[in-house]
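Visitor: Please take me through a single part of this structure at close range. I would like one connected account.

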Amino acid sequence: MAKPTRSTGDPRTAAEPPATFNRTERTLAFMVGGIVCLILACFVVMIIGWLTMKQIPGDGIWPVALGVVYFGPPIAFVLMLTLLAITWTRKARQHRAEAR
């Protein structure tokens with residue numbers, strides 16, 4: 001049986017250099033992902049509530065779930081735009097440094 005070949009691990013021989021993300025980009029990405037998952041979960045909870053009850057009560061978890069569904073998408077959108085701006089700025093600086 002043949003042994004599997006291993007890469008040399010040398011980044012100079014790789015086709016593309018590995019992508020580097022700083023802590024801010026990683027944090028923003030996880031925040032956006034978490035908010036989107038929370039929005040989807042609250043949306044499902046609200047649909048199930050509306051299908052099983054005649055009227056959604058104004059106490060308990062329902063106002064929180066409705067608030068997340070209302071205010072979550074704009075917050076996630078702003079965070080996503082911020083993440084894009086930070087990434088584009090970092091890449092532009094990197095390309096300027098490589099051009100010199």
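Guide: Buried means under 20% relative accessible area, exposed means over 50%, and partly exposed lies in between (1.4 Å probe, protein chains only). This is a predicted model, where local features need pLDDT of at least 70, side-chain atom pairs count only at pLDDT 80 or more, and totals for chains, interfaces and linings use all residues. Residues are numbered from 1 along each chain as its sequence is written, and side-chain values use heavy atoms, without hydrogens and water.

The part is helix α1, residues 23-52. Helices are DSSP runs (H or I, at least four residues), numbered from the N terminus. The expected span is 1.5 Å times one less than the number of residues.

Look inward. E25, L28, V32, I39, C42, M46 and G49 are the buried residues of α1. Their cover includes α2 (62-99), with contact meaning heavy atoms within 4.5 Å.

E25 is buried, at a relative accessible area of 2%. Side chains of opposite charge can pair when their charged atoms come close. E25 forms a salt bridge with R90 (2.9 Å, N to O). The two sit 65 residues apart, E25 in α1 and R90 in α2. A salt bridge needs a side-chain nitrogen of Lys or Arg within 4 Å of a carboxyl oxygen of Asp or Glu. The structure holds one. R90 is partly exposed, with a relative accessible area of 21%.

I47 is partly exposed, at 33% relative accessible area.
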